[in-house]
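Please open the model in your viewer and keep the sequence panel beside it.

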Amino acid sequence: MSFYDTWSAVFIALIAGVILVGTALIGARLLGPFAREQGKSISYECGMLPTGKNWTQVHVRYYLFAIMFLIFDVETIFIFPWAVRFLDLPSHAFWYMVFFVLILSGALFYAWRKKVLEWR
Amino acid sequence: MITEILWWFFAIAIVGTAAGVVFSRSVVHAAIFLILSLAGVGGLYIFLTVEFVALVQFLIYGGAVTVLILLALMMTRLDATGAPDKLTGPQAPFGALVGITLLLTLVGVSLATAWPGDVDDLPTNITIEQIGDVMFTSYGAPFIIASALLLVAFIGAIVFAKQEDEV
Amino acid sequence: MSFGDAFFGISWLDIIIRTLIVVIAMTVVVIYLTYGERKVVARFQMRLGPTRTGPAGLLQGVADALKLVVKEDLRPRNADRWVFEFAPYATFVPVFLVLLTLPFAENWGVRNLALGMFFVFAVLGLNIVGVLMAGFGSGNKYALLGGVRAAAQMISYEIPLVVALLTVAMLAGTLDLNLIASLQGDRPFILVQPLAFVIFFIALLSELHRAPFDIPVAESEIVGGYFVEYSGIRWSMFQLAEYAALWGFSIFGSVIFLGGWNFPFGSEVGVGLQLALTLIKSTLMILLIFWVRATMPRLRMDQLMSFCWKVLIEISFVLLLITGFFLYYNWPQEILALVNWGGALLLLTVIFIRTRRKSEAEDLVGTYKNIEVTE
């Protein structure tokens, strides 16, 4: 199977997934009942009338975990090409990755000491 | 031929969604357009037969960075139904200056670069093995420097966003 | 085997027919997974589960699906309309793309990507965006809270998941799922890397929002999480995505750790038996997930996050380095397996003891007499 063949399969599956959801939604629109009544479109807050703003601010810790995830995600991306090739590479390439993981472990250690890994 | 049609489809989609980023009133809508635009750029990497880089684009920009952006936006006092904030202010001339400089730089660079011409001249299907070989033999030092960069970014983010201990 | 001729170097018809087969298989599997989960969990709780619809309740999933199609499709007045409408697409389509690259039998998938394992993570990352969109678009405080919690949990557990699988990729030397399965003819990788399997399994539960990691979709805390405002068919799209992911990832796990179509019969037995093997192994994975769901209590958000960042990530990186040293310096793989089994048993024992420990709440009940009222 050629390269373009494989990736056009990905593209077709993408379109197929969108069509699948789209037909389901349109089918429900055609089959399901619809009544024009305003009360049911109030957002659900356990049966009470909604209070305050609809959107609340989220806490800063979500941002902190997102940025830590981003750093570690980039790290795992560097490990991917290494993981499939490291047996055939010279030994300094192996030690580069050990060093790399250790540096990032230092970052994790710093975060632990600064108590940012706690959810509070 | 078919790849050319698909290429144009992706190119138009990228430009269209990028325009959506600029023109949408809600910042969250802009962020979602940004995801589509960045994922489209990932599609362009596939036309260049570097599937690893394309998937990195999907993973880092489509997944991680946009989740970061969305969470950062939700941290602010935004309201999707409220009136949009005033878009111009005293920063407008500086913004225009930066924008025009960036535009001129990009146009200048793209005109000055000697493009390799036809895509068919490129080696076909650059595999992850080739990328790994080159990265860990020829570019070992930049790789280690990248780890230091990641470390600095990590510590910087913690210093900025860390909550002070409650007394 | 290929359906139809190639057209511009791309066999369109072949791809479309295979995709359709996957779509139909997915629909049937999801309908029966919902039934199966209710039945299995009911037996765990000494109930019968669905019995009325059809023989032994076998048509319950079909009846539920029909009911969902003919339900009214509501959109709250203060929802962010377009974000709300597109969130089901952004949640389901990445999960569907995962199914594309799975080898159900030898070379029997839609297409086998050379970077299959990496592709699965790349598209899974896009799924998180769908969850956040649903949470934000609903214009509901519970939904927003569920969405950001789900996103925080999914991004955190993605790291140990990826690193645990990277140790297998190091063993196999490839990311191609079909090739990984074909390397496991004599021994599945779970025998060599059981600790990686344990980490993978725990992180997988979290990625799929299964109990005990289901705080983002917890009914009793935040009334269902990010899809609280979705009803009818739109809600069922989230459900479809969840169960399709359950199915897809159990096949993914069985290909990577349990030998997929290969172990123990090898590649000569023909497609039928290989499909049956995949089915049996993925069913085992799913039953294990249901078992954990029926057994373990729900973790709090802070427990869940510190378990990921303080336990799983450290263990997975240590495992990565250990595997690297063993493979690079050609130390015997038996010792690697031994170290791994020791680690896996230790981790499971610690988890077992910690979950059996009396909770802080119970301690408080015993000592409430001693609490001084200060104000």
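## A tour of the contacts

Begin by selecting chains B and C of this predicted model, where 23 residues of chain B are in contact with 24 residues of chain C. On the chain B side of this contact, helix 2 (27-47) and helix 3 are the elements that give two or more residues, and helix 3 of chain B gives the most, with 13 residues. If you colour the side of chain B that touches chain C by residue class, you will find 16 nonpolar, six polar and one charged residues.

Next, hide everything except helix 3 (residues 51-75) of chain B and helix 5 of chain C, which pack at an angle of about 145 degrees with their axes 12 Å apart. Which residues meet where helix 3 of chain B and helix 5 of chain C come into contact? From helix 3 of chain B select Val67(B), Leu71(B) and Met74(B), which meet Val148(C), Ala151(C) and Ile155(C) in helix 5 of chain C. By class, this helix-to-helix contact has six nonpolar, no polar and no charged residues.

Now centre the view on Ala151(C), which, leaving aside residues up to four places away in sequence, touches Val67(B) and Leu71(B) as well as Ile128(C), Val131(C) and Leu132(C). Ala151(C), Val67(B), Leu71(B) and Ala66(A) are the residues that touch the most other members of the largest nonpolar core, which has 191 residues. The largest share of this core, 23 residues, comes from helix 5 (residues 141-172) of chain C.

Then bring back chain A and select its contact with chain C, which takes 57 residues from chain A and 65 residues from chain C. On the chain A side, helix 1 (3-31), helix 2 (60-85) and helix 3 (91-113) each supply at least two residues, and the largest share, 20 residues, comes from helix 1 of chain A. The side of chain A that touches chain C has, by class, 40 nonpolar, twelve polar and five charged residues.

For a last stop, colour chain B by confidence: chain B averages a pLDDT of 81, and 84% of the residues score at least 70. Where in chain B is confidence lowest, and where is it highest? Confidence is lowest in helix 5 (residues 128-137) of chain B, at a mean of 83, and highest in helix 4 (residues 92-112) of chain B, at 91. Where pLDDT is low, the predicted coordinates should not be read in detail.

Conventions. Residues are numbered from 1 along each chain as its sequence is written. Chains are lettered from A and ligands numbered from 1 in the order in which they are written. This is a predicted model: local features need pLDDT of at least 70, side-chain atom pairs count only at pLDDT 80 or more; totals for chains, interfaces and linings use all residues. Two residues are in contact if their C-beta atoms, placed from the backbone, lie within 7 Å. Helices (H or I, at least four residues) and strands (E, at least two) are DSSP runs, numbered from the N terminus. Ala, Val, Leu, Ile, Met, Phe, Trp, Tyr, Cys and Pro count as nonpolar, Asp, Glu, Lys and Arg as charged, and the others, Gly among them, as polar. A nonpolar core is a set of buried Ala, Val, Leu, Ile, Met, Phe, Trp, Tyr and Cys residues joined through C-beta atoms within 7 Å. A residue is buried if 20 or more other C-beta atoms lie within 10 Å of its own, exposed if 12 or fewer, and partly exposed in between; C-beta atoms are placed from the backbone. Axes are lines fitted to C-alpha atoms, for helices over the stretch in contact, and angles run from 0 to 180 degrees between N-to-C directions. pLDDT is the predictor's confidence in each residue, from 0 to 100.
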